[in-house]
Amino acid sequence: MNPDKTNTLTLCDHCGDTCYRHPVLLGEKVFCCEGCRSVYQILNENDLCAYYDLNNHPGITQKSTIRKDKFAFLDNPDIAGKLIQYTDGTQTHVTFYLPQIHCSSCLWLLENIRRINPALQSSRVNFTKKEVFIVFDPALISLRQVVETLTHIGYEPHLSLEEVSSAQLRQIDRTRWYKIGLAGFCFANIMMMSFPEYFSGGEILEPIIKTTLTSIIIFLSLPVITYCASEFFTNAWNGLKNKHLNIDAPIALALVITFGRSMYELYTGTGSGYLDSMSGIVFFMLVGRWLQDRTYQTISFDRDFRAFFPIAVNVLKDNTIQSVPVDKIRANDIIQIHHEELIPADGMLSKGSAEIDYSFVTGESLPVSVNKGEIIYAGGKQTEGVIELIVVKEVSQSYLTNLWNKDSLQDASTTSYSFIDALSKYFTYIVLVIGMIAGGYWLWQGQPQLMWNALTTIMIVACPCALLLSANFTRGNILRILSRNKFYLKNAGVIESLSKIDTIVFDKTGTLTQSNKMKVRYEGQVLTPELKTQIASMVVHSNHPLSKAVLQYLDTPASLTPESFKIIANKGIEGWMEEHHFKIGSPSFTGTDEESKKESKVAVTMDNQPIGVFHVTNAYRIGIFDLFKSLVPGYKLALISGDNQAEQAILREKMGTESELLFDQSPHDKLAYITYLKENKKANVLMIGDGLNDAGALKESNVGLAVCDDDNNFTPAADGIIHASKVSVLDKILGYVRSGRSIIMFSFGISIIYNIIGLYFAVQGTLSPIIAAILMPCSSISIILITYGLSQLFARKYKLA
């Protein structure tokens, strides 16, 4: 490296800060401090220098040193436990708020952090919330070492032991309020002091009055250009440092041109300047952005989506069982979890035998045995019978949602971000070219006044924000309206997949039928109170709709605890109760008689001796047959069920002769059928089931919807959840989702028309800079209101509002 280079103004190759008299050198690289060099060495040693290729100088300055024992408190298990979301000895989950996240390089580095230390098994960044979700091996690295690793590469987590959410930490930021207030004050006073100039036709008789007013106007304009407008200059500069022209670049250029032109005219006495216009531009732009942010927060799609996370859980209060939404669960509540139900909150096992499937959390499906007094973590699923937990940590819906989305491909969001970046970049270049052409034309025509007006207003009035907001706000508002109708999607990307569906596959029992409306008739031995209690205490451990129907018919408390039992999917349950062996399920499973082709049967045997049979007649959900009628013209329908063919004739009549009906199907058969439709028929498949025996089919389909009653049978394999009461309006929901494309295209068209009209007047030099400053934020707000209004209009059309 040339030694003379150190005597010139040099930027740090890591963070971009200025290297002054004694820069730190490493080969051809120059750093402002030892900390930045250390971070570079860490990344270089782990082949992570692509971090520097995505953006120029993307790093965080390391000039402030971190004391050695700063994070020693994390070695305390009690303190670490407040931050840890899950741990089982082989992997630990934790989420950190990293305020330093600011660009695509940050995202890339944090999602590849496992290459620095393999003990960091995986990481996923929420760029909007500046959070990173990390899974690490506690046997190889401690929580303290994870935090230290992040700190060493420039991303020190904000740790809050009071468990205050990062949203609460960031929600109170009054900086923009101060800027708006100051800009408004200066703008109003500058306008007032400019009135004598305007009303006197440009001539003020007393020079001392003119000089005094001019001095005050200049004085008031300085905080506007240096403080109030700082965010435009900062954003523009950050974009230029990364060789990217963002939408703030032309705004910053327009402000510089207006301010510089005004200073020149005031200094030379050739005019009165445009400091009132400059102040007005800043004031209205700040107000517009504040209104845009407030509008976005009011609609608040992401928050609403999580707030309506549709899980309810049974809570024991005063010796009664109450169904309570998960967000109402509090520490020390006693919750009851049934077979195949999700555990929504960390709790201590107080009753029952727990075999927990943590595949939703860890990816490992082998159940883990938990003893009484041990902690069971949120996200696990009980695979045995009924258990009771004492809640030790309140529900984190964001954590459950994070788990729900952890395996989702992020292609849609990545494409969206890259599309936005590209569009804004090219749009800015186009605006700059138009501005230079228009300015050059009016200069050539000898009209410097029009030249300056054209340059300034073109930079301000043209804005890609309206173009970019339409898709995000439309999909977000659709999510919000769907959630109000008890239809919940994993993320906004599912909307696009749902709009392309051409084949709908229904499960039958629990999806098309109502468990609590089934008609039950019993034949067999007399059911003594003791026998009723024994049967109820067995079937209570099953979540199958037929088991629930039998339990409801018995109307007997399930007060006994089986010594052991086993649930066989799609067949039944068997186990030992008070030294008797029970088998309860289909006749073929219990070995009693042949299956009926007219109705469903639940047979009971005790010690291999028949006890009796419950004859169950399905009750279909209200409106289901009308739903089939409305869906037939536009979709291919199919039904796949583990039940028998008893109701094939009526289903064939209602679903149409072209529909495919499959019965006596195992979970594997259901999965194979969905695969067949996708691979052989090239179909876009929507699968709707209850999630008990069709989780594989739900996951394999293009969109899987789990039908959810008021109990806790949330299915992680599903892309969405629909409340049982809303299945009959599925046709309206699908129609509404398809309307989203029309809304997006219409709002895009409005945005393009706005930019064309605005530029038409701007290139002529006849548009006032203040009017341009008002129009730009108004365009963004109008798109928000248009997408909101159209979303509401279509919601009313489909009777969802």
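Q: What makes the contact between R176 and E231 a salt bridge?
A: In this predicted model, a side-chain nitrogen of R176 and a side-chain oxygen of E231 are 2.9 Å apart. The cut-off is a Lys or Arg nitrogen within 4 Å of a carboxyl oxygen of Asp or Glu, so the pair qualifies. The pair links distant parts of the chain, with R176 in helix α7 and E231 in helix α9, 55 residues apart.

Q: Why can such side chains pair at all?
A: Opposite charges can pair when the charged atoms come close.

Q: Is E231 buried or exposed, and how do you know?
A: E231 has a relative accessibility of 14%. Buried means under 20%, so E231 counts as buried.

Q: What makes K670 and D507 a salt bridge?
A: Their N to O distance is 3.5 Å, and the limit is within 4 Å, so this pair counts too. K670 lies in helix α24 and D507 in the loop between β19 and β20, so the pair ties together parts that are 163 residues apart in sequence.

Q: Why are K670 and D507 called buried?
A: The relative accessible area of K670 is 3%, and D507 is at 4%. The cut-off is under 20%, so both labels hold.

Q: What joins R144 and E148, and where do they lie?
A: Their side chains meet in a salt bridge, 3.0 Å from N to O. Both lie in helix α5, 4 residues apart, which is about one turn of the helix. R144 and E148 are both buried. Together with D75, they form a network of salt bridges. The search of the whole structure finds 9 salt bridges.

Q: Why is W177 called partly exposed?
A: W177 is at 49% relative accessibility. Exposed means over 50% and buried under 20%, so W177 falls in between and counts as partly exposed.

Q: How do you know whether S659 is buried or exposed?
A: S659 has a relative accessible area of 7%, and the cut-off for buried is under 20%, so S659 is buried. S659 lies in the loop between α23 and β27. The C-alpha atoms of S659 and A638 are 5.2 Å apart, although 21 residues separate them along the chain.

Definitions and conventions. Residues numbered from 1 in each chain as written. Predicted model: local features only at pLDDT ≥ 70, side-chain atom pairs only at ≥ 80, totals over all residues. Heavy atoms only, no water. Buried < 20%, exposed > 50% of the residue type's maximum accessible area, 1.4 Å probe, protein only. Helix = DSSP H or I, 4+ residues; strand = E, 2+ residues; numbered from the N terminus.
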